[in-house]
Amino acid sequence: MAVENAPLWLCIHLPSLPLEAFALPPEEVVSVVETQGSRRRLIRVSAPARQRGLYPGMAVSAALTLVPDIRLLDRKPEAERQALEAVACWAYRFGAPVTISTATGSVWIEIRRSLRLFGGWRLFRIEVEREGTALSCTALYGVAPTRPAAELLARSGVGLDRPIGRSSQLSLSMRDKPLTLLPFAEQTLDILYGSGLRSVGEVLSLPRDGLARRFGSGTARWLDQLIGHAPDVWKAFEPPAQYRRRFELAGVVTSTEALLFPLRAMIGDFSQYLRTRDVAVQQFSLVFVDGFRQRVALEIGLLAPTRDPVRLLLVLRERLDKLTLNEGVQEILLEANHFEPASIVQDDLFQRGRNDEDRATLHERLVARLGPEAVHRLAVTPDHRPEKAWSGTHKGDTTVHPRRPLWLLPEPQLIDPPKLLGPAERIECGWWEGTQERRDYFVAEDDSGRRLWAYRQPDDTQWWLHGLWQ
Amino acid sequence: MSALASEVASAIPGVWRGLGQARSDVESTGVPDLDRALAGGWPIGALSQIVGRMPGLGFSLMMPLLARMTQTGRPVALVSPPYIPYAPALRDAGVDLDHLLWITPKDRVDALWAAEQMLRSGAFAVVALWSPPLEAPIERRLQLAAETGCGIGLVAHSTHGTAHSIAAVRLQVAPAPASLQIEVARCRGTRAGARFAVRDAEPRAA
């Protein structure tokens with residue numbers, strides 16, 4: 001691409017955003033619906049719904065005749081905005097500033113300087129395509145010196161194959177694009193079409209004052225902005241300093257397994273956000289809200305900061321397995337207020353091996369599923385009482401005991417008098433805690449020859465088994 | 001076997017190279033008689049069964065392995081043992097307690113899950129599981145996990161399991177005065193049937 005210093009925009013257009021913002025399983029027969037005046041129409045349909053003959057623009061009544069079991073969802077602008085912001089966060093890796101339009105479902109990134117950083121268009125493009133596979137939304141790409149042109153190219157489906165590098169090429173490149181790509185109101189397009197116009201070039205050749213009178217000044221100005229003849233005004237998107245994401249589920253979800261689908265999308269967005277701000281997270285919270293506005297909160301703590309979505313999801317999964325939801329979940333909130341510098345974090349999937357990161361992840365998963373009371377480290381404490389000598393954290397203890405059995409019974413067991421193999425060892429301590437213990441321990445053997453560690457109290461005849469050697 | 005083929009075979013963990021081959025995919029048990037009987041030691045990337053009539057019997061056989069692994073910083077895990085692994089005794093046996101994890105899941109499902117996760121991760125050199133005899137599908141899962149993670153899976157039962165176990169090694173252990181009686185009931189890559197006694201480390205009198 002030729003050297004030029006004017007802005008160059010990469011547009012990422014999300015054509016299925018109204019549907020994908022719901023994060024539904026892909027096999028659902030579902031459509032998003034919009035009310036325009038008295039008409040209710042489908043605006044996006046899922047792939048299975050499309051296979052059954054539904055298409056965007058269809059009236060709801062017609063759709064219901066064709067597919068009576070279709071699930072119809074009203075558009076959720078807030079969810080769409082959040083999903084768009086997540087893509088904007090992700091897009092920061094390719095350049096700045098970043099700007100978004102919730103009206104059209106697009107994100108733009110200014111990439112003129114980044115092209116040099118990435119080593120030219122070819123390498124930049126490879127990077128975009130590689131990273132783009134991580135997006136949870138369907139994305140279309142377009143590159144042009146103005147935002148409207150980049151978006152129009154994206155919507156035309158040329159992708160990254162036909163970037164426009166110079167403003168001077170704009171008019172020519174837009175000329176043959178079909179009229180339907182113009183982001184105008186439907187009535188406007190109908191009138192233009194009715195006047196015999198078919199291409200963007202034909203509309204561009206119309207006098208602007210006439211267009212402004214007929215369709216409003218916005219339409220005329222947009223055409224000038226498209227080809228760089230009028231200045232474009234936009235506001236840069238800034239990633240927020242705290243992370244708060246609310247996710248409304250499309251239906252009531254009662255099984256924790258079914259929560260995984262939306263959670264995967266949420267964690268993906270969260271991880272994009274972390275990468276954008278170049279931070280990692282060690283603690284965050286998830287709140288599940290049911291239809292009665294009851295909240296179940298999960299505080300997720302990690303052993304080490306991370307921003308790896310795989311790891312975050314693994315830990316979450318274990319916690320979810322143990323979660324009981326009395327009522328169906330309607331809403332999930334994900335919040336994180338504290339972040340760690342990312343310099344201490346290793347990025348990600350590709351450098352994984354048998355390292356401490358893995359061990360830490362595994363440990364977290366064990367604790368998450370089994371509970372902290374089920375995962376122990378052993379240490380030797382200086383207490384002489386056998387049952388007190390095995391836990392705690394006095395690692396440096398070097399108390400010399402006579403040899404001890406490998407197994408200790410949690411509760412001593414009453415046994416028949418065993419065959420003693422040696423003299424007694426008197427163990428007597430703990431009186432300062434008010435629980436004085438005095439026992440005579442013996443190495444002994446039972447009838448089968450198994451070696452025992454048994455004791456009796458000096459003034460007692462009962463024998464207790466407390467340990468085993470083999 | 002050509003030089004190339006043997007190189008390839010030794011590069012793939014768990015590849016069986018026939019009777020009588022020198023094996024590099026084993027870890028010495030630390031017990032010379034047992035090493036001989038097992039053609040080198042505990043197989044890596046496989047399950048070994050230790051079957052005894054009483055719960056916990058055979059733990060002493062694992063000690064030299066646990067000690068050597070933990071001393072070289074390789075973690076080991078004990079999953080749902082029947083008794084408390086007694087820290088002072090383990091330390092005396094040379095186990096570095098910093099690298100030992102003791103897992104006490106509330107039920108068998110969690111125990112099997114934990115054992116599988118730890119074997120699969122490759123983060124643990126040895127995972128010892130105490131459990132009733134494993135059903136065939138579960139045993140296969142654990143075997144696969146051990147292969148994936150290239151770990152040593154030790155499974156201890158206190159009753160005889162099914163005869164159709166796919167474990168690479170099966171030892172039957174029984175107590176005897178001052179020793180443990182071992183019978184090698186099965187060993188992949190060598191002939192089974194060896195019997196011998198392993199003497200206890202001498203308990204020091206008080």
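## Where the two chains meet

The contact between the chains draws on 41 residues of chain A and 42 residues of chain B. Keep in mind that this is a predicted model. On the chain A side, at least two residues each come from helix 15 (356–370), strand 13 (375–377), strand 14 (407–415), strand 17 (437–445) and strand 19 (463–468). Helix 15 of chain A gives the largest share of that side, with seven residues.

## A strand pairing across the interface

The chains also pair up strand to strand. Strand 14 of chain A and strand 5 of chain B (residues 84–85) run antiparallel, and two bridges join them. Trp407(A) has Pro85(B) as its bridge partner in strand 5 of chain B, while Leu408(A) has Ile84(B) as its partner in that strand.

Strand 14 of chain A has a pairing within its own chain too: five bridges tie it to strand 19 of chain A, again in the antiparallel sense. Leu408(A) turns up here as well, standing opposite Gly467(A) in strand 19 of chain A.

## A three-stranded sheet in chain A

Elsewhere in chain A, three strands make an open sheet with mixed pairing, in the order 3-2-4. Its edges are strand 3 (39–45) and strand 4 (71–74) of chain A, each of which pairs on one side only. Leaving direction aside, neighbouring strands of this sheet are turned by 40° against each other on average.

Take strand 2 (residues 30–36) of chain A: six bridges link it to strand 3 of chain A, and the two are antiparallel. One place to look is Ser31(A), which sits opposite Val45(A) in strand 3 of chain A.

## Around Leu115(A)

Leu115(A) belongs to helix 5 (residues 112–118) of chain A. Is Leu115(A) buried or exposed? Leu115(A) counts as buried because 22 other C-beta atoms lie within 10 Å, and the cut-off for buried is 20 or more.

Setting aside residues up to four places away in sequence, Leu115(A) touches Gly120(A), Trp121(A) and Phe124(A). Leu8(A) is 107 residues away from Leu115(A) along the chain, yet their C-alpha atoms are separated by 9.7 Å.

## Chain B at a glance

Chain B is built with six helices and eleven strands. Of its 206 residues, 49% count as buried. If you look at chain B contacts between residues at least 6 apart in sequence, 67% of them join residues at least 24 apart.

Chain A has an average pLDDT of 83, and 89% of its residues score at least 70. Strand 1 (residues 9–13) of chain A has the highest confidence, at 96, and strand 12 (residues 340–341) of chain A the lowest, at a mean of 74.

Two stretches deserve a separate mention. Residues 344–356 of chain A stay under 50 in pLDDT, and the model gives them twelve contacts beyond four places in sequence. Residues 392–397 of chain A are also below 50, with eleven contacts in the model beyond near neighbours in sequence.

How values were computed: Residues are numbered from 1 along each chain as its sequence is written. Chains are lettered from A and ligands numbered from 1 in the order in which they are written. This is a predicted model: local features need pLDDT of at least 70, side-chain atom pairs count only at pLDDT 80 or more; totals for chains, interfaces and linings use all residues. pLDDT is the predictor's confidence in each residue, from 0 to 100. Helices (H or I, at least four residues) and strands (E, at least two) are DSSP runs, numbered from the N terminus. Two residues are in contact if their C-beta atoms, placed from the backbone, lie within 7 Å. Two strands pair if DSSP finds at least two bridges between them. Axes are lines fitted to C-alpha atoms, for helices over the stretch in contact, and angles run from 0 to 180 degrees between N-to-C directions. A residue is buried if 20 or more other C-beta atoms lie within 10 Å of its own, exposed if 12 or fewer, and partly exposed in between; C-beta atoms are placed from the backbone.
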